[in-house]
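Have the viewer open beside you as you read.

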Amino acid sequence: MDGLREDIDFQTLKTNGIKVNYLYVCERKLWLFDRGIQMESSSDRVLMGKLLGEYSYPRETTKEILIDNLISIDIVGNDEIREVKYSNRLAGADRIQLLYYLYYLKQLGIEKRGVINYPKMRRREEVVLTPEAEQEVEAALIRIDEILKLDKPPELQRKPYCTKCAYFEFCWG
Ligand code: SF4
């Protein structure tokens, strides 16, 4: 497939966007989530829904597209995909997730630009799928595959945001 390194089998490695995000948050969280241990509180989603509602973009044409039951993308206008995030606390994870979406679309022959909106901070960040970024996405997919093949969750590693993680009690209780 164009743009892919020979050792990447995208059809085998493709995964859902949240797992790409979690790779950059915490490898242990990724493993737990993959095994169906889902402890995300609904409060985050309620809050996010409220925010998304407050900061909707009525003048723009937004269409949500679900691809392969793996990624759900807001397409805005003709050339932009967008993610709206509550805060930039995990900006690296937000960025790789959106890069992954851009990469995924490219495999389908669709090229777009990415934008992350942080409405609470009135910030907007452009995300571009450069050749280096493509390699970063490919490395992420390979790493996810390695982690998910582990028999046991990755070792505990304290993160600054552990106390805010839905798995906090599970890991540290
Ligand atoms: S509590 Fe910390 S170590 Fe456990 S899954 Fe969450 S971020 Fe990872």
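## A covered helix

Start with the buried residues of helix H3, which are Arg28, Lys29, Leu30, Trp31, Leu32 and Phe33. Here "buried" means under 20% relative accessible area, "exposed" means over 50%, and "partly exposed" is in between, with a 1.4 Å probe and protein chains only. Six of the eight residues of H3 are buried, so this helix is largely enclosed by the rest of the structure. What covers those buried residues includes helix H2 (17-25), helix H6 (131-148) and helix H7. Contact means heavy atoms within 4.5 Å. After H3 comes Gly36, with a positive phi near 85 degrees.

## What kind of model this is

This is a predicted model, in which local features need pLDDT of at least 70 and side-chain atom pairs count only at pLDDT 80 or more, while totals for chains, interfaces and linings use all residues. Residues are numbered from 1 along each chain as its sequence is written, and side-chain values use heavy atoms, with hydrogens and water left out.

## The chain as a whole

The chain has seven helices and five strands. Helices (H or I, at least four residues) and strands (E, at least two) are DSSP runs, numbered from the N terminus. Read from the N terminus on, the elements follow the order α-α-α-α-β-β-β-α-β-β-α-α.

Of the 173 residues in the chain, 39% are buried. Take the contacts between residues at least 6 apart in sequence: 69% of them join residues at least 24 apart.

## The cavity

How many cavities of 30 Å³ or more does the structure hold? There is one. A cavity is a set of points, on a 1 Å grid over the protein atoms alone, where a 1.4 Å probe fits but cannot get out; lining residues have an atom within 4 Å of a point. Grid points are joined across faces, edges and corners, and the volume is the space filled by probe spheres set on the points.

Helix H5 (residues 91-107) has 17 residues and reaches 24 Å from its first C-alpha to its last, close to the 24 Å expected at 1.5 Å a residue. The expected span of a helix is 1.5 Å times one less than its number of residues. H5 is mostly covered, with 13 of its 17 residues buried. Gly109, which follows H5, has a positive phi near 85 degrees.

H6 has 18 residues that should span 26 Å at 1.5 Å a residue, and its end C-alpha atoms are 26 Å apart, which agrees. Among the buried residues of H6 are Ala133, Glu134, Val137 and Glu138. The buried residues of H6 pack against helix H1 (10-13), H2, H3 and H5.

## Strands and their loops

Strand S1 (residues 62-67) and strand S2 (residues 71-76) pair in the antiparallel sense over six bridges. Two strands pair if DSSP finds at least two bridges between them. Ile65 has Ile73 in S2 as its bridge partner. In this hairpin, three residues lie between the strands, and Asp68 takes a positive phi near 55 degrees. Asn69 sits in the loop between S1 and S2 and also has a positive phi near 55 degrees, in a residue other than glycine. Is Asn69 buried or exposed? It counts as exposed, at 65% relative accessibility. Its C-alpha atom is 9.4 Å from that of Thr15, 54 residues apart along the chain.

Strand S3 (residues 80-84) and S4 pair in the parallel sense over five bridges, with Val115 in S4 as the bridge partner of Arg82. Strand S4 (residues 113-118) is mostly covered, as five of its six residues are buried. In the loop between S4 and strand S5 (123-127) you will find Arg122, which is exposed, with a relative accessible area of 73%. Phi of Arg122 is positive, near 55 degrees.

Conventions:
On a 1 Å grid over the protein atoms alone, a cavity is a set of points where a 1.4 Å probe fits but cannot get out, and a pocket is an open set with protein on both sides within 12 Å along at least five of seven lines; lining residues have an atom within 4 Å of a point.
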